[in-house]
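Please find below a short note on the structure, arranged as numbered points. It begins with a single residue and then widens to the whole chain.

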Amino acid sequence: MTLAPEHSTAESGFDDLVSRPFESQLREFDYEVTHVDGKLPEGLTGTLFRVGPGKFEVGTTVLRTMFDADGMVSRFVLDGSSVRFTNRYVRTAQFRDGLQNAPMRRRGITTNVPGKLFANLRPPANTANTNIVPLAGEMLALWEGGPPHRLDPDTLETLGTHDFDGRLGYVGAFSAHPKWDPVTGEMFNFGVDVFPTPRLRCYRMGTDGKLSQINSVTLWDMGWNHDFALTEKYLVFVLDPIRPNIGQLLRGKRFDESLEYQLTNGSTKFILVPRDGSKPLVFEHDPQLHIHVTNAFQDGPDAVVEFVRYESLDFLRRSLTAALKPAPHSNPHHHLVIRQWPDSHLVRFRISPAGRITEEVVSQSAKIEFPQYDWRQSTRNHQITYCAGTLAHDGHYNGIFKFDHRAGAMTHCDFGTASVCEPIFVPRDKGTAQDDGWLLAVNHDLVENRSQLVILDARDLERGPLAVAHLTHHLPIGFHGTFTRRVADASAPLPHPALLP
């Protein structure tokens, strides 16, 4: 399916290369990948789902940042001998608006409706562009400011939004980073309510998909929060002093304009929400700066949580300034590119029930993000963390990093002039060791302007890819995804958009 004429990008310098991940993909594809270097592992069967911003325009309005872009699902079906690729846009209200030759009608997080004050007092549009996860036989496309969108895993048809029978909070917020207990199979998640009372709503979902609220934590000075972790006992939150200015939001300011990093008078809050519904524990600590959490586990009575900490505490402010005041450039999305990622570490914080907090740095310094691990180790002490990252000074994350906490060693695989997404670990089988399996990542070769599915042996990243499945086109920069052992039905008919409401 073609949504509009594709943009072309001529070969040019570094600036144009790093802008390529922010070029819209205006077609929907469904085909078997015929160009595969190396050998696909026979035991690697299942389906990789990924989602991210796919289209950086809504009608005639050019979006300010990737956070407002329409969610596009990319699916790779692996049957042990072949790869089939399909991509579909989530049919959100904003996506349907964008098919019209007119300005955007709904505000975004960083893009306001041109010249419409009243429209900019409403909540941002749900773009369903941040994560995609399985639940009760369906896939959920997630965006943390509103309810999930349900998708058919075989056709990728959008089945509508899902509010769990009205059990979500006031704004229907449902985080893009749910966690699973590998023993019970339950999913846990949270939603952030800003109005009328700032609070964290914490949820549990059974394998049947039914949702119940565990707790609701009122925090008047609560900041923006994107992720959390799960132990056998707690939902663990790390809330840095990144807070929206409510007054500015009520005056129609963009969400990114309202964010403030309160370094001098703020603190990071570690919040332990018991899974049994008892009273949460809230402890303050020196201010940190992070986006994603890896995992958490119990060590006796203490909860231990790992996350990627940025070592430059003014990183957020510099990034927001760059987004708010972009330099003129021929590519309208050039200002979306963060040219210098700060150094970062994997850190572990130990929190006792009495409020004693200690810190341990568990990785070498590198420019890393999107931490992943063997999901069978959720709620347990995982020994290996995988990340996307780079050793370069400028540009995108262009490699996969592995941190072996047992040996204190870091290894990585570099893809050159590229933009790579988070690596997803797939175990060889249920009983194998933590590192015995494969890493799957979608990589964008910026020189050829084509994307590829890269498959690595998780035990030996420095060996390079076992197989590379080359697409015939590029995929825009992605966020998150998941792998399921169920092989999606590649023969299922894809719905035509004209048949959708």
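1. Ser363 has a relative accessibility of 11%. It counts as buried because this value falls under the 20% limit for buried residues. The model is a predicted one, and the values in this note are to be read accordingly.

2. Where in the chain does Ser363 lie? Ser363 belongs to the loop between strand β25 and strand β26, the latter spanning residues 367-372.

3. Which residues does Ser363 touch, once its neighbours within four places in sequence are left aside? Its contacts are then with His345, Leu346 and Phe403. For Leu346 there is a further detail: a polar atom of the Ser363 side chain lies 2.8 Å from the backbone nitrogen of Leu346.

4. The strand β24 covers residues 344-351, and β25 covers residues 357-361. These two strands run antiparallel and are joined by five bridges. Within this pairing, Ile351 is placed opposite Ile357 of β25.

5. Together, β24 and β25 make a hairpin, with five residues separating the two strands. In the turn, Gly355 has a positive phi of about 100°.

6. Of the 501 residues, 60% are buried. Among contacts with a separation of 6 or more, 60% are between residues 24 or more positions apart.

7. Finally, the accessible surface of the chain amounts to about 19,700 Å². Carbon and sulfur atoms account for 52% of that surface.

Note on methods. Residues numbered from 1 in each chain as written. Predicted model: local features only at pLDDT ≥ 70, side-chain atom pairs only at ≥ 80, totals over all residues. Heavy atoms only, no water. Buried < 20%, exposed > 50% of the residue type's maximum accessible area, 1.4 Å probe, protein only. Contact = heavy atoms within 4.5 Å. Areas by Shrake-Rupley, 256 points an atom, 1.4 Å probe, with all protein chains shown as cover. Pairing = 2+ DSSP bridges. Helix = DSSP H or I, 4+ residues; strand = E, 2+ residues; numbered from the N terminus. Polar contact = N/O pair within 3.5 Å; in protein donor to acceptor, adjacent residues only side chain to side chain.
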